[in-house]
Amino acid sequence: VGVRSLILQGEGQERENWQASVVPIGAHVAILAHARDAETGDLLQGQQLMLATNSLLMLAALKEVHYPSQMAYAAIAAQANQAQSSEELSVIWRTTFDELCEGMAQLLDIQDGGDVVRTRVAELLGGWRMPQLLLQMWELQAYDQDCVDLLRMMMRAMVSSDPYGELSRIRYEDERNREHFDSLDAGVVRKWTDPNGGLPGTDDIETLMMMGEDTRTCMSVHPTNANTQKGMLGYLLQGNTRLLVANPVYGEDGRRRFTARAVARLLLRRDTGETVLFVDRSYFEGESDQEAEGELARQAQALADAVGVKLYKALDALPSNEALESLKPPSKSDMYPYPAVELVEKGGVSPFVWRDGRFNIGLTTRGGGYATSLGGNAVVVSVLFGGWSDCLATYAEELGLEEGG
(Lines give C-alpha, C1' and ligand atoms only; values in the text may rest on other atoms or scores of the structure.)
Protein backbone atom coordinates (compact mmCIF):
# COMPACT_ATOMS: atom_id res chain seq x y z
CA VAL A 1 0.00 0.00 0.00
CA GLY A 2 2.89 2.37 0.78
CA VAL A 3 4.33 1.78 -2.70
CA ARG A 4 0.95 2.44 -4.34
CA SER A 5 0.60 5.65 -2.36
CA LEU A 6 4.03 6.78 -3.53
CA ILE A 7 3.20 6.02 -7.17
CA LEU A 8 -0.29 7.51 -7.27
CA GLN A 9 -0.47 10.36 -4.77
CA GLY A 10 2.78 10.53 -2.82
CA GLU A 11 4.10 13.95 -1.89
CA GLY A 12 7.34 15.58 -0.97
CA GLN A 13 10.98 14.95 -1.74
CA GLU A 14 10.62 11.16 -1.76
CA ARG A 15 8.09 11.27 -4.59
CA GLU A 16 10.15 13.83 -6.51
CA ASN A 17 13.21 11.58 -6.29
CA TRP A 18 11.14 8.62 -7.45
CA GLN A 19 9.66 10.55 -10.38
CA ALA A 20 13.11 11.72 -11.47
CA SER A 21 14.36 8.13 -11.53
CA VAL A 22 11.59 6.87 -13.82
CA VAL A 23 11.06 9.73 -16.29
CA PRO A 24 9.83 9.32 -18.99
CA ILE A 25 8.13 6.04 -18.05
CA GLY A 26 6.35 7.24 -14.93
CA ALA A 27 3.02 7.53 -16.76
CA HIS A 28 3.16 3.87 -17.79
CA VAL A 29 4.02 2.80 -14.24
CA ALA A 30 1.08 4.82 -12.91
CA ILE A 31 -1.28 3.18 -15.41
CA LEU A 32 -0.06 -0.32 -14.65
CA ALA A 33 -0.32 0.29 -10.91
CA HIS A 34 -4.06 -0.29 -11.40
CA ALA A 35 -3.49 -3.90 -12.48
CA ARG A 36 -5.13 -6.68 -10.47
CA ASP A 37 -3.87 -10.07 -9.41
CA ALA A 38 -5.01 -12.64 -11.97
CA GLU A 39 -6.09 -15.16 -9.31
CA THR A 40 -7.62 -13.04 -6.56
CA GLY A 41 -8.75 -10.00 -8.53
CA ASP A 42 -7.19 -7.73 -5.88
CA LEU A 43 -5.08 -4.72 -6.72
CA LEU A 44 -1.37 -5.55 -6.66
CA GLN A 45 0.15 -4.68 -3.29
CA GLY A 46 3.40 -4.84 -1.36
CA GLN A 47 6.04 -7.18 -2.74
CA GLN A 48 3.86 -8.08 -5.73
CA LEU A 49 3.52 -4.44 -6.74
CA MET A 50 7.23 -3.84 -6.15
CA LEU A 51 8.16 -6.73 -8.43
CA ALA A 52 5.76 -5.55 -11.14
CA THR A 53 6.94 -1.92 -10.95
CA ASN A 54 10.62 -2.87 -11.02
CA SER A 55 9.96 -5.12 -14.03
CA LEU A 56 9.00 -2.09 -16.07
CA LEU A 57 11.82 0.06 -14.70
CA MET A 58 14.33 -2.69 -15.52
CA LEU A 59 12.93 -3.23 -19.01
CA ALA A 60 13.12 0.51 -19.66
CA ALA A 61 16.80 0.45 -18.65
CA LEU A 62 17.46 -2.78 -20.57
CA LYS A 63 16.22 -1.28 -23.85
CA GLU A 64 19.09 1.23 -23.71
CA VAL A 65 21.74 -1.53 -23.89
CA HIS A 66 19.83 -4.34 -25.67
CA TYR A 67 18.24 -3.40 -28.99
CA PRO A 68 15.54 -6.15 -29.17
CA SER A 69 14.15 -4.93 -25.84
CA GLN A 70 13.40 -1.53 -27.40
CA MET A 71 10.68 -3.13 -29.51
CA ALA A 72 9.35 -5.12 -26.57
CA TYR A 73 9.15 -2.02 -24.38
CA ALA A 74 7.44 0.03 -27.11
CA ALA A 75 4.81 -2.68 -27.56
CA ILE A 76 4.15 -2.90 -23.82
CA ALA A 77 3.88 0.89 -23.49
CA ALA A 78 1.36 0.98 -26.36
CA GLN A 79 -0.70 -1.81 -24.78
CA ALA A 80 -0.71 0.02 -21.45
CA ASN A 81 -1.97 3.20 -23.05
CA GLN A 82 -4.80 1.32 -24.78
CA ALA A 83 -5.80 -1.07 -21.97
CA GLN A 84 -9.46 -0.89 -20.99
CA SER A 85 -9.51 -3.07 -17.87
CA SER A 86 -7.41 -4.07 -14.90
CA GLU A 87 -7.38 -7.63 -16.27
CA GLU A 88 -5.64 -6.41 -19.43
CA LEU A 89 -3.14 -4.51 -17.28
CA SER A 90 -2.43 -7.69 -15.31
CA VAL A 91 -1.56 -9.50 -18.53
CA ILE A 92 0.76 -6.63 -19.50
CA TRP A 93 2.59 -6.88 -16.17
CA ARG A 94 3.25 -10.59 -16.75
CA THR A 95 4.37 -9.88 -20.32
CA THR A 96 6.77 -7.24 -19.02
CA PHE A 97 8.40 -9.74 -16.68
CA ASP A 98 8.65 -12.36 -19.45
CA GLU A 99 10.28 -9.91 -21.85
CA LEU A 100 12.69 -8.74 -19.17
CA CYS A 101 13.84 -12.28 -18.35
CA GLU A 102 14.31 -13.14 -22.02
CA GLY A 103 16.18 -9.91 -22.71
CA MET A 104 18.45 -10.35 -19.68
CA ALA A 105 19.33 -13.90 -20.75
CA GLN A 106 20.26 -12.62 -24.22
CA LEU A 107 22.28 -9.68 -22.93
CA LEU A 108 24.23 -11.86 -20.50
CA ASP A 109 24.62 -14.73 -22.99
CA ILE A 110 22.90 -17.28 -20.73
CA GLN A 111 22.06 -20.26 -22.91
CA ASP A 112 20.13 -22.45 -20.49
CA GLY A 113 18.61 -22.45 -17.01
CA GLY A 114 15.65 -20.29 -17.98
CA ASP A 115 13.66 -21.18 -14.85
CA VAL A 116 16.61 -20.23 -12.66
CA VAL A 117 16.96 -16.92 -14.48
CA ARG A 118 13.28 -16.15 -13.90
CA THR A 119 13.57 -17.01 -10.21
CA ARG A 120 16.74 -14.97 -9.72
CA VAL A 121 15.38 -11.98 -11.66
CA ALA A 122 12.22 -12.08 -9.53
CA GLU A 123 14.38 -12.09 -6.38
CA LEU A 124 16.34 -9.12 -7.71
CA LEU A 125 13.18 -7.19 -8.59
CA GLY A 126 11.53 -7.93 -5.26
CA GLY A 127 14.66 -7.44 -3.14
CA TRP A 128 16.39 -4.38 -4.53
CA ARG A 129 15.07 -0.85 -4.23
CA MET A 130 16.48 0.32 -7.58
CA PRO A 131 17.64 -2.72 -9.58
CA GLN A 132 17.57 -0.68 -12.79
CA LEU A 133 20.79 1.02 -11.64
CA LEU A 134 22.72 -2.08 -12.73
CA LEU A 135 21.64 -1.57 -16.33
CA GLN A 136 21.95 2.20 -16.15
CA MET A 137 25.58 1.72 -15.11
CA TRP A 138 26.00 -0.57 -18.13
CA GLU A 139 24.64 2.21 -20.36
CA LEU A 140 27.10 4.73 -18.87
CA GLN A 141 30.04 2.39 -19.52
CA ALA A 142 28.87 1.00 -22.88
CA TYR A 143 31.94 2.31 -24.71
CA ASP A 144 34.44 0.76 -22.29
CA GLN A 145 34.68 -2.96 -22.96
CA ASP A 146 36.53 -3.65 -19.69
CA CYS A 147 33.60 -2.20 -17.76
CA VAL A 148 31.01 -4.03 -19.85
CA ASP A 149 32.83 -7.33 -19.30
CA LEU A 150 32.88 -6.75 -15.54
CA LEU A 151 29.20 -5.84 -15.45
CA ARG A 152 28.29 -8.89 -17.53
CA MET A 153 30.28 -11.13 -15.18
CA MET A 154 28.63 -9.58 -12.12
CA MET A 155 25.08 -9.76 -13.46
CA ARG A 156 25.52 -13.30 -14.77
CA ALA A 157 26.56 -14.26 -11.25
CA MET A 158 23.39 -12.67 -9.91
CA VAL A 159 20.89 -14.37 -12.23
CA SER A 160 22.44 -17.52 -13.72
CA SER A 161 22.63 -21.08 -12.39
CA ASP A 162 26.43 -21.38 -12.61
CA PRO A 163 27.58 -22.31 -9.05
CA TYR A 164 31.15 -21.24 -9.86
CA GLY A 165 29.96 -17.82 -10.98
CA GLU A 166 28.25 -16.84 -7.75
CA LEU A 167 29.03 -13.30 -6.70
CA SER A 168 30.50 -14.31 -3.34
CA ARG A 169 32.86 -16.70 -5.13
CA ILE A 170 34.01 -13.96 -7.46
CA ARG A 171 34.62 -11.58 -4.58
CA TYR A 172 36.52 -14.05 -2.42
CA GLU A 173 37.78 -16.86 -4.66
CA ASP A 174 38.49 -15.48 -8.14
CA GLU A 175 42.21 -15.90 -8.83
CA ARG A 176 42.63 -12.18 -9.55
CA ASN A 177 41.22 -11.32 -6.15
CA ARG A 178 43.18 -14.16 -4.56
CA GLU A 179 46.36 -12.47 -5.82
CA HIS A 180 45.72 -9.75 -3.25
CA PHE A 181 44.37 -12.01 -0.49
CA ASP A 182 47.38 -14.32 -0.83
CA SER A 183 49.70 -11.38 -0.11
CA LEU A 184 47.97 -10.78 3.23
CA ASP A 185 48.14 -12.56 6.57
CA ALA A 186 46.32 -15.89 6.14
CA GLY A 187 44.73 -15.76 9.60
CA VAL A 188 43.33 -12.30 8.95
CA VAL A 189 41.96 -13.37 5.58
CA ARG A 190 40.20 -16.38 7.16
CA LYS A 191 38.41 -14.09 9.61
CA TRP A 192 37.62 -11.53 6.91
CA THR A 193 36.14 -14.06 4.49
CA ASP A 194 34.22 -16.18 7.03
CA PRO A 195 30.54 -15.87 5.96
CA ASN A 196 29.50 -16.51 9.56
CA GLY A 197 31.99 -14.09 11.08
CA GLY A 198 29.47 -11.33 11.83
CA LEU A 199 31.98 -8.59 11.07
CA PRO A 200 31.02 -4.92 11.43
CA GLY A 201 29.93 -3.30 8.20
CA THR A 202 28.50 -5.14 5.22
CA ASP A 203 29.53 -6.78 1.95
CA ASP A 204 25.94 -6.81 0.68
CA ILE A 205 26.02 -5.93 -3.02
CA GLU A 206 22.87 -3.80 -3.05
CA THR A 207 24.11 -1.73 -0.10
CA LEU A 208 27.47 -1.23 -1.82
CA MET A 209 25.71 -0.33 -5.06
CA MET A 210 23.52 2.22 -3.28
CA MET A 211 26.34 3.98 -1.42
CA GLY A 212 26.28 6.92 -3.82
CA GLU A 213 22.50 7.07 -4.24
CA ASP A 214 21.81 7.09 -0.51
CA THR A 215 24.41 9.72 0.38
CA ARG A 216 24.08 11.64 -2.92
CA THR A 217 27.79 11.49 -3.70
CA CYS A 218 29.87 10.93 -6.80
CA MET A 219 29.37 7.16 -6.54
CA SER A 220 25.73 7.57 -7.65
CA VAL A 221 24.80 6.31 -11.11
CA HIS A 222 24.65 9.48 -13.17
CA PRO A 223 26.23 10.58 -16.48
CA THR A 224 28.46 13.08 -14.69
CA ASN A 225 29.87 10.24 -12.57
CA ALA A 226 30.81 7.85 -15.36
CA ASN A 227 34.48 7.92 -14.38
CA THR A 228 33.74 7.39 -10.70
CA GLN A 229 31.53 4.43 -11.55
CA LYS A 230 34.54 2.56 -12.91
CA GLY A 231 35.94 2.67 -9.38
CA MET A 232 32.62 1.35 -8.06
CA LEU A 233 33.21 -1.90 -9.98
CA GLY A 234 36.19 -2.66 -7.78
CA TYR A 235 34.10 -2.15 -4.65
CA LEU A 236 31.39 -4.48 -5.98
CA LEU A 237 33.59 -7.30 -7.27
CA GLN A 238 36.52 -7.41 -4.85
CA GLY A 239 36.13 -9.03 -1.46
CA ASN A 240 38.73 -6.90 0.33
CA THR A 241 36.09 -4.13 0.44
CA ARG A 242 33.38 -3.71 3.05
CA LEU A 243 31.07 -0.76 3.68
CA LEU A 244 30.57 0.78 7.09
CA VAL A 245 27.08 2.27 7.36
CA ALA A 246 25.09 4.35 9.85
CA ASN A 247 21.90 6.39 10.21
CA PRO A 248 19.35 4.00 8.69
CA VAL A 249 16.18 5.60 7.33
CA TYR A 250 13.13 3.41 6.74
CA GLY A 251 10.72 3.96 3.86
CA GLU A 252 7.00 3.30 3.78
CA ASP A 253 7.68 -0.22 2.48
CA GLY A 254 9.93 -1.00 5.46
CA ARG A 255 13.13 -1.01 3.43
CA ARG A 256 16.07 0.90 4.81
CA ARG A 257 18.77 3.09 3.34
CA PHE A 258 21.85 4.44 5.08
CA THR A 259 22.63 8.15 5.08
CA ALA A 260 26.21 7.83 6.34
CA ARG A 261 28.93 5.52 5.03
CA ALA A 262 32.67 4.89 4.76
CA VAL A 263 34.54 2.38 2.59
CA ALA A 264 36.86 -0.04 4.40
CA ARG A 265 39.56 -2.01 2.56
CA LEU A 266 41.95 -4.73 3.69
CA LEU A 267 45.35 -3.69 2.31
CA LEU A 268 49.08 -4.38 2.55
CA ARG A 269 51.51 -1.89 4.06
CA ARG A 270 54.24 -1.86 1.47
CA ASP A 271 57.32 -1.19 3.63
CA THR A 272 56.55 -3.70 6.40
CA GLY A 273 54.40 -6.31 4.63
CA GLU A 274 51.81 -5.83 7.38
CA THR A 275 48.11 -6.50 6.71
CA VAL A 276 46.12 -3.39 7.65
CA LEU A 277 42.62 -1.95 7.48
CA PHE A 278 42.27 1.37 5.68
CA VAL A 279 39.04 3.35 6.01
CA ASP A 280 38.35 6.20 3.62
CA ARG A 281 36.74 9.44 4.71
CA SER A 282 33.06 9.38 5.73
CA TYR A 283 30.24 10.68 3.55
CA PHE A 284 26.80 11.84 4.62
CA GLU A 285 23.49 12.74 3.05
CA GLY A 286 23.60 16.48 3.57
CA GLU A 287 25.70 18.09 6.29
CA SER A 288 28.35 16.26 8.28
CA ASP A 289 26.83 14.35 11.20
CA GLN A 290 29.08 14.05 14.23
CA GLU A 291 27.00 11.31 15.82
CA ALA A 292 27.09 9.24 12.63
CA GLU A 293 30.80 9.98 12.26
CA GLY A 294 31.34 8.59 15.73
CA GLU A 295 29.36 5.45 14.90
CA LEU A 296 31.39 4.87 11.73
CA ALA A 297 34.61 5.35 13.72
CA ARG A 298 33.46 2.78 16.28
CA GLN A 299 32.64 0.31 13.51
CA ALA A 300 36.04 0.88 11.88
CA GLN A 301 37.90 0.11 15.10
CA ALA A 302 35.64 -2.87 15.85
CA LEU A 303 36.29 -4.27 12.36
CA ALA A 304 40.06 -3.88 12.76
CA ASP A 305 39.91 -5.53 16.20
CA ALA A 306 37.72 -8.38 14.92
CA VAL A 307 40.24 -9.44 12.27
CA GLY A 308 43.30 -8.47 14.28
CA VAL A 309 44.92 -5.66 12.27
CA LYS A 310 45.98 -2.06 12.73
CA LEU A 311 43.53 0.61 11.62
CA TYR A 312 44.56 3.42 9.30
CA LYS A 313 41.97 6.15 8.76
CA ALA A 314 41.66 8.98 6.30
CA LEU A 315 41.89 12.41 7.88
CA ASP A 316 40.80 15.87 6.76
CA ALA A 317 43.53 17.80 8.53
CA LEU A 318 47.19 17.47 9.42
CA PRO A 319 47.49 15.53 12.69
CA SER A 320 49.93 16.25 15.48
CA ASN A 321 53.64 15.53 15.18
CA GLU A 322 53.16 12.69 17.66
CA ALA A 323 50.49 11.12 15.46
CA LEU A 324 52.71 11.50 12.42
CA GLU A 325 55.62 9.91 14.22
CA SER A 326 53.45 7.00 15.34
CA LEU A 327 53.00 5.99 11.69
CA LYS A 328 56.73 5.15 11.64
CA PRO A 329 57.13 5.75 7.93
CA PRO A 330 60.28 4.58 6.16
CA SER A 331 62.92 7.28 5.91
CA LYS A 332 62.43 7.47 2.17
CA SER A 333 60.05 6.14 -0.45
CA ASP A 334 61.27 5.09 -3.88
CA MET A 335 58.28 7.01 -5.25
CA TYR A 336 58.36 10.15 -3.13
CA PRO A 337 61.31 12.28 -1.91
CA TYR A 338 59.97 12.21 1.65
CA PRO A 339 58.75 9.61 4.15
CA ALA A 340 55.50 7.94 3.06
CA VAL A 341 53.41 4.98 4.20
CA GLU A 342 52.02 3.25 1.11
CA LEU A 343 48.98 1.00 1.47
CA VAL A 344 48.74 -1.38 -1.45
CA GLU A 345 46.17 -3.51 -3.21
CA LYS A 346 48.19 -6.27 -4.89
CA GLY A 347 45.58 -7.41 -7.40
CA GLY A 348 41.89 -7.61 -8.19
CA VAL A 349 39.21 -8.54 -10.71
CA SER A 350 38.70 -4.92 -11.69
CA PRO A 351 41.50 -3.04 -13.47
CA PHE A 352 40.10 0.16 -11.97
CA VAL A 353 40.96 1.39 -8.47
CA TRP A 354 39.34 4.39 -6.81
CA ARG A 355 41.60 6.49 -4.56
CA ASP A 356 39.67 8.90 -2.39
CA GLY A 357 42.58 11.24 -1.72
CA ARG A 358 42.74 15.00 -1.32
CA PHE A 359 45.53 15.27 -3.91
CA ASN A 360 45.47 13.17 -7.11
CA ILE A 361 41.96 12.12 -6.13
CA GLY A 362 40.29 9.73 -8.47
CA LEU A 363 40.71 6.75 -10.67
CA THR A 364 43.83 4.77 -11.40
CA THR A 365 44.39 1.51 -13.22
CA ARG A 366 46.51 -1.53 -12.57
CA GLY A 367 49.79 -1.19 -14.43
CA GLY A 368 48.51 1.95 -16.11
CA GLY A 369 51.67 4.00 -15.73
CA TYR A 370 50.28 6.26 -13.00
CA ALA A 371 52.58 7.58 -10.32
CA THR A 372 50.95 5.43 -7.66
CA SER A 373 50.87 2.24 -9.75
CA LEU A 374 53.53 -0.29 -8.82
CA GLY A 375 53.31 -2.06 -12.16
CA GLY A 376 51.65 -5.39 -12.85
CA ASN A 377 48.44 -5.65 -10.83
CA ALA A 378 49.61 -3.82 -7.70
CA VAL A 379 48.27 -0.34 -7.03
CA VAL A 380 48.89 1.98 -4.10
CA VAL A 381 45.42 2.79 -2.76
CA SER A 382 46.55 5.41 -0.29
CA VAL A 383 49.81 7.08 0.70
CA LEU A 384 49.72 8.17 4.31
CA PHE A 385 51.84 10.77 5.90
CA GLY A 386 49.17 11.78 8.31
CA GLY A 387 46.33 12.70 5.99
CA TRP A 388 43.92 11.03 3.60
CA SER A 389 45.83 11.96 0.46
CA ASP A 390 47.93 10.25 -2.17
CA CYS A 391 50.63 12.89 -2.21
CA LEU A 392 51.58 14.99 0.80
CA ALA A 393 54.42 17.16 -0.48
CA THR A 394 52.71 20.11 1.18
CA TYR A 395 52.83 18.34 4.52
CA ALA A 396 56.49 17.51 3.99
CA GLU A 397 57.18 21.20 3.42
CA GLU A 398 55.21 22.22 6.51
CA LEU A 399 57.19 19.79 8.63
CA GLY A 400 60.49 21.09 7.29
CA LEU A 401 61.55 17.76 5.78
CA GLU A 402 64.54 17.88 3.46
CA GLU A 403 64.17 16.36 0.00
CA GLY A 404 65.47 12.84 0.07
CA GLY A 405 64.18 12.22 3.63
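Asp280 and Arg265 are both buried, where buried denotes a relative accessible area under 20%, exposed one over 50%, and partly exposed the range in between (1.4 Å probe, protein chains only). The structure is a predicted model, in which local features need pLDDT of at least 70 and side-chain atom pairs count only at pLDDT 80 or more, while totals for chains, interfaces and linings use all residues. Residues are numbered from 1 along each chain as its sequence is written, and side-chain values use heavy atoms, with hydrogens and water left out.

Arg265 and Asp280 form a salt bridge in which the closest N and O atoms are 3.0 Å apart. Arg265 belongs to strand E2 (residues 256–269) and Asp280 to the loop between strand E3 (275–279) and E4, so the bridge ties together parts that are 15 residues apart in sequence. A salt bridge is defined here as a side-chain nitrogen of Lys or Arg within 4 Å of a carboxyl oxygen of Asp or Glu. Helices (H or I, at least four residues) and strands (E, at least two) are DSSP runs, numbered from the N terminus.

## Overall composition

The protein chain contains 18 helices and nine strands. Of its 405 residues, 50% are buried. The chain exposes about 18100 Å², and carbon and sulfur atoms supply 48% of that area; accessible areas come from the Shrake-Rupley method with a 1.4 Å probe, and for residues only the protein chains shown count as cover.

Among contacts with a separation of 6 or more, 67% involve residues 24 or more positions apart. A contact requires heavy atoms within 4.5 Å.

## Further salt bridges

Side chains of opposite charge can pair when their charged atoms come close. The count of salt bridges comes to 14. One of them joins the side chains of Arg129 and Asp214 at 2.8 Å, N to O. This pair links distant parts of the chain, 85 residues apart: Arg129 sits in the loop between helix H7 (114–127) and helix H8 (132–140), and Asp214 in helix H14 (residues 211–215). Arg129 is partly exposed at 22% relative accessible area, whereas Asp214 is buried at 8%.

A second bridge connects Arg216 with Glu285, with the closest N and O atoms 3.4 Å apart. Here too distant parts of the chain are linked, 69 residues apart: Arg216 lies in the loop between H14 and H15, and Glu285 in the loop between strand E4 (283–284) and helix H16 (290–307). Arg216 counts as exposed, with 52% relative accessibility, and Glu285 as partly exposed, with 25%.

The axes of helix H5 (residues 67–82) and helix H6 (residues 86–107) come within 10 Å and cross at roughly 175°. H5 is therefore roughly antiparallel to H6. Axes are lines fitted to C-alpha atoms, for helices over the stretch in contact, with angles running from 0 to 180 degrees between N-to-C directions. Angles under 35 degrees count as roughly parallel, over 145 as roughly antiparallel, 65 to 115 as roughly perpendicular and the rest as oblique. The residues of H5 that meet H6 include Pro68, Ala72 and Ile76, and those of H6 include Leu89, Ile92 and Glu99.

Helix H15 (residues 226–237) has 12 residues and spans 17 Å from its first C-alpha to its last, close to the 16 Å expected at 1.5 Å a residue. The expected span is 1.5 Å times one less than the number of residues. H15 is mostly covered, since 10 of its 12 residues are buried; among them are Lys230, Met232 and Tyr235.

Asp144 occupies the loop between H8 and helix H9 (145–159). Leaving aside neighbours within four places in sequence, Asp144 is in contact with Lys230 and Phe352. The C-alpha atoms of Asp144 and Lys230 are 9.6 Å apart, although 86 residues separate the two in sequence.

Thr217 is placed in the loop between H14 and H15 and counts as buried at 14% relative accessibility. Residues up to four places away in sequence aside, Thr217 touches Met211, Gly212, Asn225, Arg261 and Tyr283. Glu342, found in strand E6 (residues 341–345), is buried with a relative accessible area of 6%. Glu342 and Arg270 are 72 residues apart in sequence and 5.6 Å apart in space, C-alpha to C-alpha.
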